[in-house]
Structure formats: structure tokens, C-alpha cells
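Thanks for asking me to look this one over.

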Amino acid sequence: MMADIVPFNESPKPEDSVANMLLELFLNHNFWRDHNHMISKDYFEKESKKIFDVVNNSHSKYERDLTVAEVEALIFAENPMLTGSQRAAILDITRRMKGEIKPDIGSDILQSAFREHLGQTIANLGLQLMDGSIKSLEPIQELLDKYEGGIEVQDDIGFISKEWDDMFNPTKQTYPWTWNLSQLHMLCPGIGAGTLTTVFALVETGKSAFAVSTAFSPRGFADQGARVLMVCNEEPAERTMTRAGSAYSALEVDEAMTDGVMGKTSWAKVKDNIEMINSDKCESMEKLNSIISRSGPFDIVIIDQLDKMQVGGTFPRDDLRLSEIYIKARTIAKRHELALIAVSQADATADGRTSLRFTQMANSKIGKAAEADVIIGIGKENTEGKDDNFLRYLHVSKNKLGGSHGRATVRIEPKISRYVD
């Protein structure tokens, strides 16, 4: 609990906590922008949580300063079932907002209060660890990862260099890991640290095979020397690892089981660059961040499928949840300086199409597409005899890494999980 500050000549009231006194500063849009990362509704109590929720959401929507009257009106409009006592408690807090704390003082108080809150949280987790209430260091590690950059408001704005040699330095943007399909490589020269690539297709098209082939077959990412982590929630990791062995050795499963001498020899060249994990051991984006911190560094992380990952928070619509997952994916890519590849699903409009655009990704308005640097849709045509002709069409509909948009025609060899030109 944050310490109380009581106005002179008045008796202490619950509404006089530091948290509530600072709450009014968040009506200022600039203050909210610079400090909202340091606070959540969990720092407030009872009706104060409702106020902070409305203030937080309103800044994201309106992007301007808010008045007390506007906040009150929004709270009552969004919470029509409030009781009379709840409404009175809210007004008791909002009507005390008189602008008596200025932003510079408020920033210092907030940082001190936040340090106290964070310290108490870590201490409580330590006690739970001692008495056996929690069994791992993961909750503490997540807090440390979240605030590894510190909790101070930084004075350095972060303007980048405008020197000519820095602007046109050939080593400034490097994408060292290249696609092992020549036509795709012509469209997209490669991927690198901090990039997010989304690959999507309909079911039974070969999404997982594409990930396996580009990462683990000859001239794939692992063969290039990249350390690759693959999170498997589409099929068991053990099955995906077997497919990776087939893709690299060109041996079908039956062949590898009966005579694996050649395959074992070739596999030894890349196996130390490959790690896979089942989704039950990495069910959330927060857990993924923790695993990378403990077991990294990795050059490339592949998540098959990213949409199935969990993420902290409450979301009124699934597209908002998915948008947050993709934001977290990009954040992880930048924080750990790795390339992240997200495998996703296409919607029903993709059936029989050979050029899939990013607007055809399932269960998303635009949030998923907005976060990606490169988006590759895998198309498959419907044949007259219903038999698969094994042709696949890789359509690059978004490309922020250089190269161009366009379509590459390739062929899938499903028995060894390979895509070939």
C-alpha cells in the first residue's frame, strides 16, 4: 500500500492516499504518456481503479488532456449499474482533484511510490517462495525483465543521428539470415535482429512445413549458423524435431529409422543450433520472454502458431488480444535482438487463392498486420481432381526490410517437410 499524505487540518480519509492524489495528474496527456508505464489499476483501490481505467483508455482514444467533468461522465456512462454509494465514492475522489500537485513534483513522488510498491511486491513474492506458495522464480524474473531498463523517467529524448555517414552506412541495417528459396530471397533479402515476420495460410497448406524447411533444411537458418528456438503449439515438438531431421537429411521417416547413418552424420552439423519446446512449457508471451532470457541468446525464434499464445490482460474482443500478442512479439524481438517468425492462420477468403494479402489473416482487423515487418501468405489453388498438385505460392504483401512485394511459385515436398524452388 502506498503511504498516505493527509491535507493539513483534516482527518485522514482513504481518498487521501498518494495514489489518489497522483491520479489527477494522469488527466494531463503528456504526464500520462511519460508515466503510464509505471502504474496500473492494481496500484489503486476500489472506485479509484474504475477512474484509472477510464483515464487510461481515454488517453489512448482521444490523445489530449481530460477534464474532471469528462472523466466523471465517461465513468457513469460506462458503468450504469453503479450503486449510489459507489457513485458517491467516485465523486468524493474526483471532486478533490484541484491541481495542487504539479507534474514535476508528481513525477518524483510517483517514482518513489512506485519503487516502494515494486519493493513490496518483490518482498511478498520472496515470502511466498519461502513458505512454498510459489514454486519457481518465474514471477520474480518477469518483474525483473519488465523493469530491467529501470523505473526512472529518462531525460534523454533519444534523437537519432542525422550525420550523412550514419544515414548511409552500409552496415547500419543488416539482415544476415537469408531465405533458402531463391525466388523468395529475391523479394525479401533476409531477416535480422529486431524484425517480426508473419507467415500465414489456410489449414493443410503447409505452414509448419514452411517454417521447418526455411529454418532447418539445407541452406536454412540453422545451416547458416543461426541459433534457432521453435515454440510448437500446432503439433508436438517431438514430431516437429523429427520433421526437421527429415528436412535436413532428405530422408523420409521410414528411411531414417531403418538406415540413419548418413542422416545422423549430416544432422550433427546443425543440431547444436536448434532448440524446440512444447507449448505447455511456454504457454504465454511472458514465459517466452523469461525462457529467452535464461536460455538465450537466440538469433531466430519461430512460434507455430503465435495466435495460440497467451498474454496478460483483459480484452473485450479477440482481435485486441491478438494485437497485444503481436505487440509483445515485436517487443521480444527488439529486446533480445533476434528475428521472430510468427506462423498464423488465414481466413476463409483464402480458400483457392494463390495470392494472399495481409488483410486475409484470421481473427484480426489490422492489429496483427500493423506490427509485422514482412508478411508472407502461402496460397494453394483448388485442383479439379481435388488432388494436391504440391505447388505453393508465397505472396509477400508487406515488406519493410527492402526488396519488393510480389509472388514466388515454389513446390512442397511434404514427406520430408521441404519447400523447393
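1. **The overall picture.** First, keep in mind that this is a predicted model. The protein has 16 helices and 9 strands. Of its 421 residues, 45% are buried. If you take contacts between residues at least 6 apart in sequence, 68% of them join residues at least 24 apart.

2. **Helix 4 against helix 5.** How do helix 4 and helix 5 cross? Helix 4 covers residues 68–78 and helix 5 covers residues 84–94; their axes come within 11 Å and cross at roughly 165 degrees. An angle over 145 degrees counts as roughly antiparallel, so helix 4 is roughly antiparallel to helix 5. The crossing of helix 4 past helix 5 is right-handed. On the helix 4 side, Val68, Glu72, Ile75 and Phe76 make the contact, and helix 5 meets them with Arg87, Ile90, Leu91 and Thr94. By residue type, that contact of helix 4 with helix 5 splits into 5 nonpolar, 1 polar and 2 charged.

3. **Helix 3 against helix 5.** Helix 5 also packs with helix 3, residues 47–62, here at an angle of about 65 degrees with the axes 9 Å apart. Helix 3 is therefore roughly perpendicular to helix 5, given that the class runs from 65 to 115 degrees. The helix 3 and helix 5 crossing is right-handed. Glu47, Ser48, Lys50 and Ile51 come from helix 3, while helix 5 supplies Gln86, Ala89, Ile90, Ile93 and Thr94. The makeup of this helix 3 and helix 5 contact is 4 nonpolar, 3 polar and 2 charged. If you are colouring by contact, note that Ile90 and Thr94 of helix 5 are listed for helix 4 and also for helix 3.

4. **Helix 10.** How many of the residues of helix 10 are buried? The count is 10 of the 10, across residues 207–216, so helix 10 is largely enclosed by the rest of the structure.

5. **Ser249.** This residue sits in helix 11, which covers residues 237–249. Is Ser249 buried or exposed? Its relative accessible area is 15%, and the cut-off for buried is under 20%, so Ser249 counts as buried. A polar atom of the Ser249 side chain lies 3.2 Å from the backbone nitrogen of Leu251. Leaving out residues up to four places away in sequence, Ser249 touches Met262, Gly263, Ser266 and Arg418.

6. **Ser397.** Another serine to click on is Ser397, placed in strand 7, residues 391–399. With a relative accessible area of 6%, Ser397 is buried. What does Ser397 touch, not counting residues up to four places away in sequence? Its partners are Leu356, Arg357, Phe358, Ile375 and His405.

7. **Two cis peptide bonds.** Most peptide bonds are trans, so a couple of spots deserve a look. The bond from Gly296 to Pro297 is cis, with omega near 5 degrees. Pro297 is in the loop between helix 14 (285–295) and strand 4 (300–304). The other one joins Asp304 and Gln305, again cis, with omega about 5 degrees. Gln305 belongs to the loop between strand 4 and helix 15 (318–335). **Two positive phi values.** Most residues other than glycine have a negative phi. Glu204 has phi near 60 degrees, a positive value in a residue other than glycine. Glu204 lies in the loop between strand 1 (196–201) and helix 10, and it is exposed, with a relative accessible area of 69%. Phe390 is not a glycine either, yet its phi is positive at about 65 degrees. Where is Phe390 found? Phe390 is in the loop between strand 6 (374–379) and strand 7. Its relative accessible area is 31%, so Phe390 is partly exposed.

Technical notes. Residues numbered from 1 in each chain as written. Predicted model: local features only at pLDDT ≥ 70, side-chain atom pairs only at ≥ 80, totals over all residues. Heavy atoms only, no water. Axes fitted to C-alpha atoms, helices over the stretch in contact; angles between N-to-C directions. Helix = DSSP H or I, 4+ residues; strand = E, 2+ residues; numbered from the N terminus. Parallel < 35°, antiparallel > 145°, perpendicular 65-115°, else oblique. Left-handed = near helix turned anticlockwise from the far one by under 90°. Contact = heavy atoms within 4.5 Å. Nonpolar A, V, L, I, M, F, W, Y, C, P; charged D, E, K, R; others polar. Buried < 20%, exposed > 50% of the residue type's maximum accessible area, 1.4 Å probe, protein only. Polar contact = N/O pair within 3.5 Å; in protein donor to acceptor, adjacent residues only side chain to side chain.
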